[in-house]
Every structure is written in structure tokens, then in C-alpha cells.
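Biologist: I'm new to this one. Can you put it up and walk me through it?

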Amino acid sequence: VDIKWKLGVAMSSDTCRSLKYPYVTVMLKMADSSGQIKDKSFEMTILQFQNFFRQFKEMAAVLETV
């Protein structure tokens, strides 16, 4: 139903003083077979997000031909 994403950078945690790595949080809003809306979210590295985005674009192109 909807997809949102945001870029973040983890600076530190209680177990690691210096992280400084970027990540992407993806938030999906999906409808199940009964029409009920469910929210799912997950984090990815930048490289994982780039691969995810590429695959998503390929799926969209295939769906446009149907």
C-alpha cells in the first residue's frame, strides 16, 4: 500500500563508542489477503538498500507490462 524510507547514522551505543555508519530504515504498509493493513519495518545497509531498490524497480517494470 505504501513504502517510506529514511537515512540514518548510528553515532554510538552503550556497547560501542564510535559507530558512525549509515543505514536505511524501510517502512512498509501492506494489505494482507483479507484487506487488513499491517506495518513492517526493517533496517538495511546502504548497499542492501541499493540492491533492494534496483529489484523493486525491476518488479515495477514487469508489473507494468501485465
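Biologist: What pLDDT does the protein chain average?

Modeller: The protein chain averages a pLDDT of 88, and 100% of the residues score at least 70. pLDDT is the predictor's confidence in each residue, from 0 to 100. This is a predicted model: local features need pLDDT of at least 70, side-chain atom pairs count only at pLDDT 80 or more, and totals for chains, interfaces and linings use all residues. Residues are numbered from 1 along each chain as its sequence is written, and side-chain values use heavy atoms, with hydrogens and water left out.

Biologist: Which elements have the lowest and the highest mean pLDDT?

Modeller: Strand 1 has the lowest, at 89, and strand 3 the highest, at 94. Helices (H or I, at least four residues) and strands (E, at least two) are DSSP runs, numbered from the N terminus.

Biologist: What does UniProt place at residues 1-66?

Modeller: The unreviewed UniProt entry has "domain: COMM" there. UniProt positions are given in the numbering used here, feature names are shortened, and annotations may be inferred rather than shown by experiment. Over residues 1-66 the chain is 30% helix and 42% strand. The end C-alpha atoms are 19 Å apart.

Biologist: How many bridges join strand 1 and strand 2?

Modeller: Nine, with strand 2 covering residues 21-31. Two strands pair if DSSP finds at least two bridges between them. Leu7 has Val24 as its bridge partner in strand 2, and Ala10 has Tyr21.

Biologist: And how many between strand 2 and strand 3?

Modeller: Eight, again antiparallel. Val24 stands opposite Met44 in strand 3, while Leu28 stands opposite Lys40. The hairpin of these two strands has five residues between them, and Gly35 there takes a positive phi near 90 degrees.

Biologist: Which residues make up the largest nonpolar core?

Modeller: Val24, Val26, Leu28, Met44 and Phe49. Strand 2 gives the largest share, three residues. A nonpolar core is a set of buried Ala, Val, Leu, Ile, Met, Phe, Trp, Tyr and Cys residues joined through side-chain atoms within 4.5 Å. Buried means under 20% relative accessible area, exposed over 50%, partly exposed in between (1.4 Å probe, protein chains only).

Biologist: What does Leu28 touch?

Modeller: Asp2, Ile3, Lys38, Asp39, Lys40 and Phe42, not counting residues up to four places away in sequence. Contact means heavy atoms within 4.5 Å.

Biologist: Where is Phe56?

Modeller: Phe56 lies in helix 1 (residues 46-65).

Biologist: Why does Phe56 count as partly exposed?

Modeller: Because its relative accessible area is 37%.

Biologist: Last one. Where is Cys16?

Modeller: In the loop between strand 1 and strand 2. Cys16 is at 29% relative accessibility, so it counts as partly exposed. Cys16 and Thr65 are 49 residues apart in sequence and 48 Å apart in space, C-alpha to C-alpha.
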